[in-house]
Amino acid sequence: QVQLVESGGGLVQAGDSLRLSCTGSGRTFSTYAMGWFRQAPGKEREFVATISRNGVNTYSADSVKGRFTISRDNAKNTVYLQMNSLKIEDTAVYYCAADSRPAQAMVGMAYRLIEVWGQGTLVTVSS
C-alpha cells in the first residue's frame with residue numbers, strides 16, 4: 001500500500017497562490033487515483049479535487065473550480081494542488097488521498113471509505 005506525505009502548506013494572504021505536493025512511496029503510485037480533501041475547523045472533511053491514474057481526467061468541487069488545479073507526475077510519485085486566488089474560507093487542513101477505484105468515484109465518496117490518507121498540511125488564508 002502506498003504511503004503519502006504532503007508538503008507546501010503555510011500562511012498566505014487572501015488572493016495569494018500556494019502549491020501543495022503529495023509524494024507517495026512505493027512502486028504502486030500510478031495504480032491509484034489521487035485526490036485532495038480538506039477539513040476546516042469544526043467541519044467535516046470535504047472533497048476538493050481528484051485525478052485519474054494517468055492524469056488525463058480531473059474533477060473538482062464547485063467551490064474551487066477555476067481557482068485550484070490538480071495534477072500529477074507519476075515519474076516522481078507526486079500529485080500537486082495548485083491553489084490560486086485563495087480565499088479566507090479555503091483555510092483548512094488539506095489531505096492527500098489515494099484510492100484504487102476510478103477518480104470519479106472520489107467525487108461523491110464518503111471520506112471514510114478512502115483507502116489511503118496522508119497526514120495533512122495546514123493552509124491558513126488571512127485577510
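Guide: In this predicted model, a strand is a DSSP run of E with at least two residues, and a helix is a run of H or I with at least four. By that count, the chain has 1 helix and 11 strands.

Visitor: What pattern does the chain follow along the sequence?
Guide: Happy to spell it out: the chain reads β-β-β-β-β-β-β-β-β-α-β-β.

Visitor: What makes S7 and strand S8 a pair?
Guide: Pairing asks for at least two bridges found by DSSP. S7 and S8 (residues 78–83) have 6 bridges, in the antiparallel sense, so they count as paired. Along this pairing, Phe-68 stands opposite Met-83 in S8.

Visitor: Which strands make up the open sheet, and in what order?
Guide: The sheet has 4 strands in the order S1-S3-S8-S7, with antiparallel pairing. Strands S1 (4–7) and S7 (68–73) are its edge strands. The twist from one strand to the next averages 15°.

Visitor: Why are S1 and S7 called edge strands?
Guide: Each of the two pairs on one side only.

Visitor: How do you know whether the chain agrees with a compact globule?
Guide: For 127 residues, the globule rule gives a radius of gyration near 14 Å; the chain has 13 Å, so the two agree. The C-alpha atoms fill a box of roughly 40 × 30 × 25 Å along the principal axes.

Visitor: What share of the residues is buried?
Guide: With the cut-off at under 20% relative accessible area, buried residues make up 45% of the 127. The chain exposes about 6300 Å², and carbon and sulfur atoms supply 48% of that area.

Conventions. Residues numbered from 1 in each chain as written. Predicted model: local features only at pLDDT ≥ 70, side-chain atom pairs only at ≥ 80, totals over all residues. Heavy atoms only, no water. Axes fitted to C-alpha atoms, helices over the stretch in contact; angles between N-to-C directions. Rg over C-alpha atoms; globule rule 2.2 N^0.38 Å. Buried < 20%, exposed > 50% of the residue type's maximum accessible area, 1.4 Å probe, protein only. Areas by Shrake-Rupley, 256 points an atom, 1.4 Å probe, with all protein chains shown as cover.
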